[in-house]
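Trainee: I would like a close look at a single part of this model. Please take the site where the ligands sit, and then what else deserves a look along the chain.

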Amino acid sequence: MNSTALRMSTLFLRTLREDPADADVDSARLLQRAGYIRKAAPGIWTWLPLGLRVLNKIESVVREEINGIGAQEVHFPALLPREPYEATHRWEEYGDNIFRLKDRHEADYLLAPTHEEMFTLLVKDMYSSYKDLPVTLYQIQTKYRDEFRPRAGLVRGREFIMKDAYSFTIDEEGLRKAYNDERGAYERIFRRLGVNYVIVSAMSGPMGGSQSEEFLAPLAIGEDTFALAPSGKAWNVEALTTPKLDDLDVSQIPAAEKRATLDAKTIDGMIALADARYPRADGRAWAATDILKNVVIAVKHPDGGEDDKPWREVVAIGVPGDRQVDMKRLEAQFAPAEIEEANEADLKAHAELVPGYIGPMVLGPQAKAAGIEHPVRYLIDAHVAKGSAWFTGADENEVDYYDLVYGRDFEADGVVEAVEVRPGDLSPDGSGPLSLERGVEIGQVFQLGLKYSNALGLKVLDQNGKAVPVWMGCYGVGVSRVLACIAEAHHDDKGLAWPVNIAPAQVHVLATGKNQEAFEAAEKLVAELESRGIEVLYDDRLKVSPGVKFKDAELVGVPLVAVAGRDTVNNGTIEIRNRDGSDSAAVPVAQAADVLAERVGALR
Ligand code: ATP
Ligand code: MG
């Protein structure tokens, strides 16, 4: 038999009637039930024939578009030695997210979470002149990350498939071109795959470097929050900058004063007590926005300590009392360092910090002026305006400051984006209030600059014969994650509903009933469709009820369904419909292939 149709009688497939117990999102649930993937371990998935077909199609689209911008495909091992990652500090910086292992000789290895080091070293090995550049290399390969919380099936796996590309150029201008080429290819890829996306400005995190954008699929299951401006521009909240506030006029603000505040430690308690004992001169009630909270965190620097070892720094952040600290947003600004709440030992190490009454006068520049040893670095949130007056801790038990003015009475060591972004906050591009949306990161483009070239000594001779470091960019697409996002966006309560370009087949032919004629008509239709280059999933199972076949077709989600059954025998027609149940039609057997071919074309 020459037919390449997927025959359900022999296809390695078992659909599940019940939802898998621990499937937390629809795509994970349906991909398992419909027999595309199977769980091997948390965040680790086995690809079954149907799943692999879809994955291969996505890979093909990615490959075509990335080849189309002149990038060349290579393939690295996933198992790598420690040394290159040591040289770039990522052996430590990646923290617990790396799978590390030892070989039989006790040498350290890792399963690569991404491959910047190896690409850099490869180009260093093989190229030596500006004449060799520009070059962009890429691979489609398995990556490993020991994610703290694998979730949502393929969305956050511990083993997953990534397309990663790396550009090498002689100068920054070349880098910008390579970056834009890659960005353009991503737009074409996601458009062809039918994936809805927004491009957001991003922080570069542990990658280092400067300019970076993320492609997010706007989905409720996403862990990324992005801020959308009325202009259509979007930012990852970690990358959002608060528009700079105007300095306020301090001429009418009285001198700062210390007042007893009993044991009012909570924001609400402080407000109630202040309203009762210290009513405001302007007659309005005290509010959380009048309070400056000083939150103490610990910054875990991966290096730069004694002998360039990791070290822990205690840092205080001043934030308005009505806003919560957003640890993810704050952490992005300390990358590659990680942050956590300060613990008891951190506070003990700084006797000047009086829990509940920590204020600016013992922090940062003020601490230095007061001669406090090892002063705690003090950063102020971007929502605190110069010249604003605050009700804040006075560094003694049960005493607070009133009218302590930023820029008059105290300074900070720097400004940070420490607090949560709220819907209605103003957009940095001046276009108005922001809305907040959820998304899944499906791709990212980075201008790495010289970080990896410098760390690994990648230089070439320029036109004047001088050795110069190479400018690099890196560009990732989460291929397996994209598959999950498509499933997440294209399904209903009965099952998957694939876009035609990546569906495991374009037409699902069902032969139902016991009558030989129906099976013969179906078989003929399959052959005709195949001769037109249409991929077919053929339910040729004997002794399986029509009800089960219909249910399976809905679950598997091939976009067009053709049924040869009772109607075929009685009046010579085949029923054709879309997976979503729309456009159902009874078509004479002889015309069925034409009609289906037309519909496939229309769906493309
Ligand atoms: P995330 O913030 O979601 O953890 P990331 O920014 O760490 O992702 P990158 O290092 O930018 O990821 O990797 C490139 C792409 O690989 C991402 O845009 C994403 O699509 C995909 N990806 C990253 N981590 C995973 C994972 N655990 N499972 C599946 N895909 C992933
Ligand atoms: Mg990323």
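**The ligand site and beyond**

Mentor: Start with strand β22, which gives the largest share of the shell around ligand 1, 4 residues. Keep in mind that this is a predicted model. Two elements give two or more residues to that shell: β9, residues 159-169, and β22, residues 435-449. The shell around ligand 1 holds 15 residues. By type, 6 are nonpolar, 4 are polar and 5 are charged. The nearest of them are R145, E147, R156, G157 and E441.

Now look at the polar atoms. The side chain of E147 has an N or O atom 2.8 Å from a nitrogen atom of ligand 1. A polar backbone atom of G157 is also 2.8 Å from a nitrogen atom of ligand 1. On the oxygen side, an oxygen atom of ligand 1 is 3.5 Å from a polar backbone atom of G443. On its own, ligand 1 has 580 Å² of accessible area, and the protein covers 86% of it.

Next, the metal. Ligand 2 is a magnesium ion, and E441 and Q444 coordinate it. E441 uses OE and Q444 uses OE1, at 1.8 to 2.1 Å. E441 is also among the residues that come nearest to ligand 1. E441 is partly exposed because its relative accessible area is 21%.

At 8% relative accessibility, E417 is buried. What does the side chain of E417 pair with? It makes a polar contact of 2.7 Å with the side chain of T242. A second polar contact, of 3.1 Å, joins the side chains of E417 and R329. Leaving out residues up to four places away in sequence, E417 touches L240, T241, T242, R329, L330, Q333, D381 and A382.

H350 is another buried residue, at 10% relative accessibility. H350 sits in the loop between α9 (344-348) and α10 (364-369). Beyond its neighbours within four places in sequence, H350 contacts V314, H374 and V376. E187 is another matter: H350 and E187 are 51 Å apart, C-alpha to C-alpha, and 163 residues apart in sequence.

Finally, check the backbone. Most residues other than glycine have a negative phi, and most peptide bonds are trans. Here are some exceptions.

The peptide bond from L133 to P134 is cis, with omega near 0 degrees. P134 is in the loop between α5 (116-126) and β8 (135-144). A335 and P336 are also joined by a cis peptide bond, with omega about 5 degrees. P336 lies in the loop between α8 (327-332) and β17 (338-341).

For phi, look at H89 and D403. H89 has a positive phi, near 70 degrees, and lies in the loop between α3 (83-87) and α4 (90-93). D403 has a positive phi of about 60 degrees, but its place is in strand β20, residues 399-405. H89 is partly exposed at 32% relative accessibility. D403 is partly exposed too, with a relative accessible area of 22%.

Terms used. Residues are numbered from 1 along each chain as its sequence is written. Chains are lettered from A and ligands numbered from 1 in the order in which they are written. This is a predicted model: local features need pLDDT of at least 70, side-chain atom pairs count only at pLDDT 80 or more; totals for chains, interfaces and linings use all residues. Side-chain values use heavy atoms; hydrogens and water are left out. Donors are N, O and S atoms within 2.8 Å of the metal (3.2 Å for Na, K and Ca); water is not among the atoms, so sites may look incomplete. Buried means under 20% relative accessible area, exposed over 50%, partly exposed in between (1.4 Å probe, protein chains only). A residue is near a molecule or strand if one of its heavy atoms lies within 4 Å of it. A polar contact is a pair of N or O atoms within 3.5 Å; within protein, one must be able to donate a hydrogen and the other to accept it, and residues adjacent in sequence count only if both atoms are side-chain atoms. Accessible areas come from the Shrake-Rupley method with a 1.4 Å probe; for residues, only the protein chains shown count as cover. Ala, Val, Leu, Ile, Met, Phe, Trp, Tyr, Cys and Pro count as nonpolar, Asp, Glu, Lys and Arg as charged, and the others, Gly among them, as polar. Contact means heavy atoms within 4.5 Å.
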